[in-house]
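Please have the sequence and the model open while reading.

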Amino acid sequence: MTDFIAALKQRWTQADSLVCVGLDPEPSKFPAKFRDDSDAVFAFCRDIVDATAPYVCAFKPQIAHFAALGAEDALQRLIAYIHASHPGIPVILDSKRGDIGSTAQHYATEAFERFAADAVTANPYLGRDSVQPFLDRADRGVVILCRTSNPGAGDLQDLVVDGRPLYQHVAEKVARDWNGHGNCALVVGATWPAQLKEVRAIVGEVPFLVPGVGAQGGDVEAVVSNAKTADGTGLIVSSSRAVLYASTGDDYAQAAAAEARRLRDEINRYR
Ligand SMILES: O=C(O)c1cc(=O)[nH]c(=O)n1[C@@H]1O[C@H](COP(=O)(O)O)[C@@H](O)[C@H]1O
């Protein structure tokens, strides 16, 4: 397995894309042809992956969408399928883990061994030892929540500590202390352009996972102009529902591809 950050950089260049497609299966939104398919979760996601692969720098399956359905096996097969059929496209497992060190070790094994993900999202709230088992894997990425996209993000993340909001402390700690292997990234939501700019100023070239475009309404121009790095990269701009459910008809795969391509082109206009 290649180093996550190296694979990401290579894919940004080769595909000329900063788009990530989020794989958040919701069977009630699947096209009718999957109604009697006992392997619908895998089959639907596989079709989306094949259709959108040319336009993405990464895929991001969200674990709760599989686990709630008892479909962890489909998730495992899906990630193996991406590695085999689309080598060079890194997979970020969105599981937002974080626990005391001895338990976090099992979460790292879950993400990197069981599911063979290239990177995992992690919650920094329990402190450094809770993410250390992820940080120790120099070949895998650790994508740490900083300023999330949801409406309540500020409830705790904006609390002022030592003169600045908590999310800025997270950004600084990750960039200065936790990123010894150079394998960290930060989650900053597309819905917060001002905070994207502030975090970029703190962390230099650290990549951002930016969810919140598409269904959550984030503004693509503001994201790119506020948060890109000097070379016009640095961003993994992730969209799930707007791509996955672009059409619920038989043209679902083509519609998903068209939306991923449209998002790629929109982002590239502002790089
Ligand atoms: O870590 C994430 O991926 C994440 C962080 C965040 O701040 N906001 C956020 O929406 N996400 C995830 O990104 C996806 C967004 O989905 P859409 O709104 O459908 O594009 C969901 O799977 C969320 O769980």
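A residue is buried if 20 or more other C-beta atoms lie within 10 Å of its own, exposed if 12 or fewer, and partly exposed in between, with C-beta atoms placed from the backbone. The model is predicted: local features need pLDDT of at least 70, side-chain atom pairs count only at pLDDT 80 or more, and totals for chains, interfaces and linings use all residues. Residue numbers start from 1 along each chain as its sequence is written.

**Strand β3**
- Of the 6 residues of β3, 5 are buried, so the rest of the structure largely encloses this strand. Strands (E, at least two residues) and helices (H or I, at least four) are DSSP runs numbered from the N terminus.
- From β3 the chain crosses through α5 to β4 in a right-handed β-α-β crossover, meaning that the path from the first strand over the helix to the second runs clockwise with the strands pointing away from the viewer.
- β3 and β4 (residues 119–122) run parallel and are joined by 3 bridges; pairing requires at least two DSSP bridges between two strands.
- Arginine 97 is opposite alanine 122 in β4.

**Threonine 109**
- Threonine 109 belongs to helix α5 (residues 101–114).
- Threonine 109 is exposed because it has 12 other C-beta atoms within 10 Å.
- Its C-alpha atom is separated by 8.9 Å from that of proline 133, 24 residues apart along the chain.

**Ligand shell**
- The ligand is surrounded by 20 residues, the closest being Thr148, Ser149, Pro211, Ser240 and Arg241; a residue counts if its C-beta atom, placed from the backbone, lies within 6 Å.
- β3 (92–97) and β10 (235–239) each supply at least two residues of this shell.
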